[in-house]
Amino acid sequence: MEFSLKDIKQDFPIFHNSDLVYLDSASTTQKPQVVLDRISSMYSEANANVHRALYSLGSVATERYENSRKKVSSFIGANSDKEIIFTSGTTESINLLAHTLTDKLKPGDEILLSEMEHHSNLVPWQLAANRTGASISYIPLSKKGELDLSEPERYFKPSTKIVSITHVSNVLGTINPLKKISEMAHEMGAVFVVDGAQGAPHCSVNVKEIGCDFYTFSGHKMLGPTGIGVLWGKLELLESMEPFMGGGEMIETVTMESSTWNEVPYKFEAGTPNFVQAVGLGSAIDYINSIGINNISDHETKLTEYALEKLADIDNFRLFGSPIDRTGVISFNIDGIHPHDLAQFLNEDNIAIRVGHHCAQPLLASLNETSIGRLSFYLYNNESDIDNFCDSLTRIKAYF
Ligand SMILES: *Cc1c(COP(=O)(O)O)cnc(C)c1O
C-alpha cells in the first residue's frame with residue numbers, strides 16, 4: 001500500500017502551521033489527531049471506572065478498555081488477550097518481572113543482559129541481584145555495534161536463569177537477532193525477556209515467532225499516550241507468578257488475614273488502571289495498522305539511508321555503530337562541537353534532537369563517550385527534515 005507523506009504530517013496537529021523538525025521519536029513520539037480525539041471522547045462520553053460499575057457508562061468504558069487489550073494482543077501475535085497486562089510503560093513492565101521472576105534466584109545464579117541496554121533494562125535487574133545474591137553478566141558489542149554472539153558458551157550457561165535483551169538499541173538502532181537469543185536462552189533453561197520499547201513501534205512483532213517468554217513496550221513511543229505500557233507474557237508463566245503490586249481489582253477474596261488472587265491479567269493490574277490511556281493506545285494501534293507497520297519500517301529504512309549518505313559528506317562527523325539490521329536511529333558526534341552546544345544551536349532553527357547519555361551509560365562508556373547526539377525518525381519524518389538538519393549543521397559548523 002502506498003502512503004503519502006504529506007498527508008501523514010497533516011494527521012499530527014503539532015506540525016500544523018509549524019516549521020518544527022522533530023528528530024527525537026526514540027524519546028517519545030508525536031500524537032495523531034485520532035488518538036487525541038479518542039482520549040477526549042473517553043473523558044467526555046465514556047468516563048466511569050472499569051470492571052466495577054454496574055451501570056451502562058461503566059460497561060462502555062470496560063468494553064473499550066478490553067477491546068484495546070484485544071488490539072494489543074493481535075498487534076504482537078499473542079495467543080490470547082489474557083496474556084496482555086497493561087502497565088504504565090516499559091519501565092514498570094520490567095520492574096514487575098525483576099520482582100516476580102527473581103523469587104527463587106540465589107547466589108551463583110546469573111542474569112544475562114547486554115552492553116547496549118537502556119537503564120530501564122539494567123537497574124531493575126541490578127536491584128534484584130542485590131536482593132538475591134545472583135550476579136549479572138553482559139553480552140559485549142562488536143565494533144559495528146551489534147551483539148557479539150561469537151562465543152555464546154561464555155554467556156549462556158547452566159547458571160543463566162534470566163536473559164533480558166533489548167529488541168532494538170535506542171542509541172545505535174541495532175535490531176537484535178531475538179530468535180537466535182531465544183534458542184540459546186531456552187537451551188540453558190532460562191526465561192527470555194525482551195525490552196521492546198524500540199521494537200514494537202518500528203518493527204513487525206510476532207511474539208510466537210520470536211519465541212520469547214515476555215515482551216514489554218510503551219504506548220508513548222508508538223503514537224499513543226504517556227502512562228500506558230504493555231507486558232506480554234506466556235499464559236502459563238503469568239499464571240505461575242506472584243503478583244507485583246497489591247490493591248483493588250487484583251484480588252479474588254480478601255479477609256483480615258490473607259487474600260487470594262484474581263485471574264490473569266487482572267492479577268497484575270492493581271488499582272484503577274490507566275484505562276483512558278489504554279484506549280488511546282488501542283487507537284494508536286489502529287492508526288499504525290491503517291498505514292501498515294512494514295510500510296513504516298520501509299520508510300524509516302529509506303530515510304536512514306538518505307541521512308547516512310548526506311551525513312557522510314560532513315567533515316568531522318563521527319557515526320557510532322554501523323549495524324546491518326537497523327531502525328531509524330543515528331548517533332554521532334561532531335569533532336570540535338560539544339553535543340549540548342549543538343542541540344542548543346539546532347533548537348534556534350526549531351530542530352529537536354536528543355543529546356546526552358540516552359539512558360545507556362554502559363553503552364556510552366564502551367564508546368568512550370559521555371555525551372552524544374542522536375537523530376531518530378518515525379513515519380511523519382521526511383527527506384526535507386534531514387535536509388533542514390544538514391543545512392543547519394553546516395551553518396553551525398561554520399560558526400564554530
Ligand atoms: C524508552 C525506553 C525504555 C523505557 O521506556 P519508558 O517508556 O520510559 O518506561 C526502555 N528501553 C528502551 C530501549 C527505551 O528506548
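Q: Which residue in β12 stands opposite R318?
A: R318 stands opposite N333 in β12; strands here are DSSP runs of E with at least two residues, helices are runs of H or I with at least four, and both are numbered from the N terminus. This is a predicted model, in which local features need pLDDT of at least 70 and side-chain atom pairs count only at pLDDT 80 or more, while totals for chains, interfaces and linings use all residues. Residues are numbered from 1 along each chain as its sequence is written, and side-chain values use heavy atoms, with hydrogens and water left out.

Q: How many bridges join β11 and β12, and in what sense do they pair?
A: β11 and β12, the latter covering residues 329-334, pair in the antiparallel sense over four bridges; two strands pair if DSSP finds at least two bridges between them.

Q: OK, and what's the strand order in that open sheet of four?
A: The order is β11-β12-β15-β14, and the pairing is antiparallel. At the edges are β11 (317-320) and β14 (354-356), each of which pairs on one side only, and the twist from one strand to the next averages 30°, where angles run from 0 to 180 degrees between N-to-C directions and axes are lines fitted to C-alpha atoms, for helices over the stretch in contact.

Q: Which strands does helix α11 lie across?
A: Helix α11, residues 339-348, lies across β12, β14 and β15 (372-376), and its direction is at about 160° to β14; contact means heavy atoms within 4.5 Å.

Q: Switching to the sheet of seven strands, what is the order there?
A: That open sheet runs β2-β8-β7-β6-β5-β3-β4, with mixed pairing. β2 (84-87) and β4 (135-139) stand at its edges, and each has a single partner strand, so one side of each is left without a neighbour in the sheet. Neighbouring strands of this sheet are turned by 20° against each other on average, direction ignored.

Q: Do β3 and β4 pair in the parallel or the antiparallel sense?
A: Strand β3, residues 110-114, pairs with β4 in the parallel sense, over five bridges, and S114 stands opposite I139 in β4.

Q: What about helices on that sheet, say, which strands does α5 touch?
A: Helix α5, residues 123-132, packs on the sheet and touches β3, β4, β5 and β6 (191-195), its direction making about 145° with that of β4. Helix α6, residues 178-187, lies across β5 and β6 and runs at about 150° to β6.

Q: New topic: where does Q33 lie, and how exposed is Q33?
A: Q33 lies in helix α2, which covers residues 33-45. Its relative accessible area is 34%, so Q33 is partly exposed; with a 1.4 Å probe and protein chains only, buried means under 20% relative accessible area, exposed means over 50%, and partly exposed is in between.

Q: Which residues does Q33 touch, leaving out those up to four places away in sequence?
A: Q33 touches D11 and P13 on that count. Q33 and P13 are 20 residues apart in sequence, and 6.4 Å separates them in space, C-alpha to C-alpha.

Q: And S283, why does that one count as buried?
A: S283 counts as buried because its relative accessibility is 9%. S283 is found in helix α9, and, again not counting residues up to four places away in sequence, S283 touches V34, V35 and R38.
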